[in-house]
Amino acid sequence: WPVGYAVTEPEKCGNDDERVRNVIQWAVDNGAWIHPNVSTGMFDVPGKKGLQIRGVLATGHVAEKEKIFIVPKHLLLNIEKLRDHRWLGPIYADTPQLHD
């Protein structure tokens, strides 16, 4: 099944790679840290011919147990924030498939 980004005008947001880079840059601009040897890429799904998913990949050395992301709490999206959000809350409430 296709996975995308919830944007109101996706054609104005660039292709998938550009959208991902924009989200990463937004996160960094807002306090996140991403290891300099970490990026994203598309990977084949085993047993699902032609299906790919985006994942994390190392572009250089990353030591065992080394942190690859640091995301400040204020950037995390959780159920409480989702339910209380003025725009996302009603969408969550109207979409039972999202409920736990």
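## The buried histidine H35

H35 counts as buried because its relative accessibility is 5%, where buried means under 20% relative accessible area, exposed over 50%, and partly exposed in between (1.4 Å probe, protein chains only). This description rests on a predicted model, in which local features need pLDDT of at least 70, side-chain atom pairs count only at pLDDT 80 or more, and totals for chains, interfaces and linings use all residues. Residues are numbered from 1 along each chain as its sequence is written, and side-chain values use heavy atoms, with hydrogens and water left out.

The position of H35 is the loop between β1 (33-34) and β2 (38-44); helices (H or I, at least four residues) and strands (E, at least two) are DSSP runs, numbered from the N terminus. When residues up to four places away in sequence are not counted, H35 touches H61, V62, E66, K67 and I68, a contact being heavy atoms within 4.5 Å. With one of these residues, E66, the side chain of H35 makes a polar contact through the side chain, at 3.0 Å. A polar contact is a pair of N or O atoms within 3.5 Å; within protein, one must be able to donate a hydrogen and the other to accept it, and residues adjacent in sequence count only if both atoms are side-chain atoms.

## Overall architecture

The chain contains three helices and four strands, arranged along the sequence in the pattern α-β-β-β-β-α-α. Of its 100 residues, 13% count as buried. Among contacts between residues at least 6 apart in sequence, 33% join residues at least 24 apart. The accessible surface of the chain is about 8,400 Å², and carbon and sulfur atoms account for 59% of it; these areas come from the Shrake-Rupley method with a 1.4 Å probe, and for residues only the protein chains shown count as cover.

## The salt bridge

Side chains of opposite charge can pair when their charged atoms come close. A salt bridge is defined as a side-chain nitrogen of Lys or Arg within 4 Å of a carboxyl oxygen of Asp or Glu, and by this rule the count is one. R54 pairs with D17, the closest N and O atoms being 2.7 Å apart. The pair links distant parts of the chain, with R54 in strand β3 and D17 in helix α1 (residues 16-29), 37 residues apart. R54 is partly exposed, at 23% relative accessible area, and D17 is also partly exposed, at 39%.

## Surface features

V56, F69, V71 and L76 form a nonpolar surface patch with about 330 Å² of accessible area together. Patches are made of residues with over 30% relative accessible area and no salt bridge; like charges are joined within 9 Å, nonpolar side chains (Val, Leu, Ile, Met, Phe, Trp, Tyr) within 5 Å. V56 belongs to strand β3 (residues 52-58) and is partly exposed at 46% relative accessibility. L76 lies in the loop between β4 and α2 (79-84) and is partly exposed, at 41%. Leaving aside residues up to four places away in sequence, L76 touches V71 and K81.

Most residues other than glycine have a negative phi. K65, although not a glycine, has a positive phi of about 65°. K65 is in the loop between β3 and β4 (69-70) and is exposed, with 80% relative accessible area.

## Confidence

The average pLDDT of the chain is 85, and 87% of the residues score at least 70; pLDDT is the predictor's confidence in each residue, from 0 to 100.
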